[in-house]
Structures are given as structure tokens and as C-alpha cells.
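Please walk through this model with me, starting from a sheet and ending with the chains.

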Amino acid sequence: MQYDPMRPIWLQVMGEIETSIAVGARQPGEKLPGGRELAVAYGINPNTAARVYQELEKAGLCETRRGMGTYVTGDGPRIDALREELARQAVALFLQKIESLGITRQEAAKMILKEE
Amino acid sequence: MLESKELTKVFGSKTAVDHVNLRLEKGHVYAMLGPNGSGKTTWMKMAAGLIKPTSGEVLFEGAPVSIESRKYVAYMSTEPYFYAWMTVKDVGRYYADFFEDFSYDRYLELLRHMELTEEMKTKNLSSGMMAKLKIAVTMARDAKVYMLDEPFNGIDLLARDEIRATILQYATQDKLLLMSSHLVEEMEAVADRAVFIKEGKLVENIDLETMRDEQGVSMADRYRQIYGHTEG
Amino acid sequence: MFKLMKYEFRKTWITKLILLGVTAVAEAVYLYGLYTEKEGPLSVAIGLLVMLAVFGVLVIGLESVLTLHRDMNTKQSYMLFMTPNSSYKILGAKVLECGFSILITGAFYFALGTLDITLLLAKSGQLNQLWEMIQNVISQITINGRPLTINAEIMASFTFSLLTGWIGTVTMAYLADVVSAALLNGKKFNGLLSFVLFLALAWLTGWATGKITAGITASTTMLVVDGLIDLGFAVIMYIVTAQIMERKLSV
């Protein structure tokens, strides 16, 4: 994974895992790699990896079972909310870009619908 | 865990390390950064007990570094240092003979990952293979402190990934890892703290994620801020 | 300690192997010359064997000093000094390995020489007459008014004092080299000063030994005492050298 070294790395790895949960690449209740495995797999510092899980847990997207490891939450509505949240972020980013080009939302909407 | 107090080393008329007060804690991977000749290697060698300070001291777990502390501190120098007659197997046996924390099984596993075999002669190794061997034999120790001087030097991209993975594998909560490198980008995600040294003096010892969060700058950016005008 | 000695031997064993190999060849030529009564090969072999016996121990000592030099002044120094061994152990392994090597090599050539002379004597003929002639010549020589006697006892104690003298010299070279690496490093005239120190030590110990053994008249006793004093100096050199390494050496 390529990181933007100017932004916190835990945030970027967390974003990647969130996306994988939202799109179902990681199923509800699925076991996530251990902290060390995550660090090795993503080439990140173990403390950064631990932070990723802490933040995911805080966001209610995963849960740590004592001595068992970390699992994707089984809470379906929470995952739906995540998908919506990510979609809203994508829209916000898109609008920011489109508005900077001086295109109105209506024009943009037409363009989107015309896209194959 | 490892701390230098007013540590100074003078070589002839050159002050290589200049009154450095630096405290390193376990559970962290430190990137020690600075241009060549800024004093990184000299600091490490003093912490390894290979070089005697001109003044000041280095403490390991509160006591001055000594013969005893060498049992727990694994140091890897930039330059190859094995005896010319040694094979890869001899290198492992040597470490097994002198370090109680060395595991030959772990060494064999690391060799396999690094695509090295026991029969290879050290004097015939390419610089990349030599760098991998040094990492393998150093990380096969279950030390408390690992000090790696320029672990990515002379190594191709793929081997760097291998080395990074090895380092991360063994950087557990009870270990302290200190790596120097002039390949700042290589260290960006691996380290969680950076120690900047300039002309023998400590500039700062900083938490990287906090720095990214609060200042929006990368380790490389900070490097440029600090050394920008001194590096030709 | 044993492990350190093992590696000291490992660093120098090729020289020892070569020495042994050349000696074996020379000995074979000697035996061939002796039993076919060919004087040409015999004299060449005798010359070679005498040379090997004399220079063999010298080479072993010199190589040990050179190894110490490399172990302090090249990158391979990390190999030795990163291990959790004190300078006393590191240097002690060197002194013991080198000392034993010199004594064993010396004893080996002494035994070989004795064997070869015995074989020569056992063989009747002209060679035997030559040996008698040599003995006659020796018995004419007198030292301090007493005739020089050559017997196994004297030869053995002479060899002993020669070997211990060389061990003492090697430890003085260690000290001079360590002073150079640890105390004079980077200073002007480093090499020269260290060499002067070596000469001074050699002179001083020689002078002191002369004083101590002055009163002894029996040659065997004198030689043995001389050898023991050499070993005593070797121990002193070792302690001083290890102290300096422990406190001041940076590699």
C-alpha cells in the first residue's frame, strides 16, 4: 500500500479497512489479522497497527474478544451506516472538485446520469 | 531503556557527538536520521560499547553500557564485519557460540526468507546478500535492543520489503529498535518516532503520527526543514 | 574462554597447517637421504628442518600479533568486541592460544630433532663418524673455563627458555600494539612511538632477567629460571594490556 506520508498512517490504513468492510470484502464477524500480522502485511509500525484497531473499535466497526483476536462487527445497521458515511465523503469530495471548476450541482447531476 | 547523558565523542579536532541527551523507550521503532557524518554511527557504537565516550555516558536499563549489556543489545554495523573465512553457517555458529539469546532455528528461517543458504561463503556475497545476512543474523537474536545502522544500504527494492517485514515481525512491545538511514522514505511507515541529529547534536526526538496529525508534514518534510540548507 | 580460543585458532590454523605440511615433506626427504645415504638431499633436508624449527615459532608469534592488530583496526573488530566478553578474556584467549601453539610447536620440533639425531646415530657409517667429530669439536669449547656439555637436559631447558622468551616478546608486541590502537590512535608518530615502547620493554625485561639470574651458576637451573621469569613478564604484560583495552580501546 502507498501512503501519503503527510497524513497520519493509522488513518489511511483504517480507511482501507473501512472500505473493505463497507463493500463486504471483509464480512461481518470475520476475523481480522492480529496486530503484528497487520503491521507486517501493511509494512507499518506495530504501534500504528494497534492504533488502527483501537480507532476501528471506537467507531464500532470491530470488536476485540479477549484472547481471541479482533473481529469485524456483526452489527448490520452499523455497516450500512458506514457505507453511507463513506459515500457521503466521496460525494463531498466530488462536489468540492466540481464546484472548484465552476460547475453547478444540477449540471453535474446531468453529467453523471449521461455517463455510461 | 537506552539513554545517553551529555554524551560526547571527539575524534582529533572533530566533535562527532556533542553533549547528546537522548532517551529511548522500549516498544518503539526509532528512525535515527541525519546526513552522513552527523554522528549517528558514533552514537550507536558508543551505545554498543564499541567506542568509549570522550565524556558523558550511555545507560542501558539504568546502568552504564558494559560487557554485560552486550548480552541484550544487538548491534548491526553498516560495513560487513564477518571474518573472510566464514560461510553463512559459520556466521550463525559464531553467534550461537557467543550470544545466549541467539536462535539457530530462527536464523535458518530468516535465511530461507532472504534466499540465502548455509553453504554460501561470505566473501563471495554481493552487497545486497551481505546486507540480508547481517539482518538475518542480528534479528535471529532475541535481544532487548536492536540497533541497525543503515539496514537498507545497497539493497534493491524487493529485498527492502523483506527486511522491513522481518524488522516489523520482531519489533514487539518489550523491544527497542533503533535504525539509522539516509533513505528517509523507507522508514516513514516503519518507525513511529524519529530522532534527528545534526552536526553531532540532537535536534529532536518526535512522535511521527502526532507530527503528521498536528503539522501535516511527513518525516521527509521535517528532514528537509532541518537539513535543507546544510546538505550540498 | 574456550570458544574464544577456538576462533583464535581458526584465524591462524592455515599457517600452522602449511608449516606442518612443509615439515612433513622435509622430514620425508631427510629419511630418504638418510636411508639411501645420499648426502645432497640429506643436507638440504637438515637445513630446511633447522630453519623450520627456528622460524616456525617465530611465524606463529608474528601471526598472532598481526591478528590482534587486525582485530583492533579493521571492521572485523566488531566481530570480537560486540560479544559479551571482557578484554581480559579476549586477550587471554589470544595469549593462551599463541602461547600453547608456540610451546607445542617448539616441543614438536624438539622431539622431531631428537628422533632424527637418534636415527642418524643408529645408522652406522660415515655419517656416524661425522657426528662424533662434531661432538669432539663441541667438547673443546669452554664457557667461563668450564667445558660446554651438550645433553638432552640442557637442550630441553635451552629450548624452554627460548620458547618462553619468544612468548614474552609476543606479549610485549601485544602491549605496544594496544597502546598504539587505544592511546596513541590518530596521534603523530604513533607507529614509531609504539615501536620504541616495544624496544624499551624488551630491553627492560632483558636487563631485569639478567639481574635476577646473575647469581645462578648451574646452566640448567639458569635456563629454567630464565624461562619462568619470561612467563612472569608475559603475565604482567597481559594484565597491563587487557587493562588498557578494557578502559580505553575504541574499535
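In this predicted model, chain B holds an open sheet of four strands in the order β2-β1-β4-β5, with antiparallel pairing. Its edge strands are β2 (14-24) and β5 (63-64) of chain B. Each of these pairs on one side only. In general, the strands of a sheet pair through backbone hydrogen bonds, either parallel or antiparallel.

Look next at one pair. Strand β1 of chain B covers residues 2-11. β1(B) runs antiparallel to β2(B), and seven bridges join the two. Helix α1 of chain B, residues 40-47, touches β1, β2 and β4 (55-60) of chain B. The direction of α1(B) makes about 120° with that of β1(B).

Now step back to the whole of chain B. Its secondary structure comes to eight helices and 10 strands. How compact is chain B, judged by its radius of gyration? The value is 17 Å, close to the 17 Å that the globule rule gives for 232 residues, so chain B is as compact as a globular protein of that length. Along its principal axes, the C-alpha trace of chain B spans about 45 × 35 × 35 Å. Buried residues account for 47% of the 232 residues in chain B. Of the contacts in chain B with a separation of 6 or more, 71% join residues 24 or more positions apart.

Turn to the interior. Nonpolar side chains tend to be buried together in soluble globular proteins. Here the largest nonpolar core has 134 residues. Which residues have the most contacts inside this core? They are V52(A), together with Y30(B), A31(B), A47(B), A136(B), M147(B) and L177(B). Yet the element that gives the most to this core is helix α6 of chain C, residues 152-182, with 14 residues.

Setting aside neighbours within four places in sequence, M147(B) contacts M44(B), A47(B), A48(B), V73(B), Y75(B), M76(B) and L178(B). A second, separate core has six residues, among them A26(C), L42(C), A45(C) and L49(C).

Last, the chains themselves. Two pairs of chains touch, and the most contacts are between chains A and B. Chain A and chain C do not touch. Their nearest C-alpha atoms lie 28 Å apart.

Terms used: Residues are numbered from 1 along each chain as its sequence is written. Chains are lettered from A and ligands numbered from 1 in the order in which they are written. This is a predicted model: local features need pLDDT of at least 70, side-chain atom pairs count only at pLDDT 80 or more; totals for chains, interfaces and linings use all residues. A nonpolar core is a set of buried Ala, Val, Leu, Ile, Met, Phe, Trp, Tyr and Cys residues joined through C-beta atoms within 7 Å. A residue is buried if 20 or more other C-beta atoms lie within 10 Å of its own, exposed if 12 or fewer, and partly exposed in between; C-beta atoms are placed from the backbone. Two residues are in contact if their C-beta atoms, placed from the backbone, lie within 7 Å. The radius of gyration is taken over C-alpha atoms; the globule rule is 2.2 Å times the number of residues to the power 0.38. Two strands pair if DSSP finds at least two bridges between them. Axes are lines fitted to C-alpha atoms, for helices over the stretch in contact, and angles run from 0 to 180 degrees between N-to-C directions.
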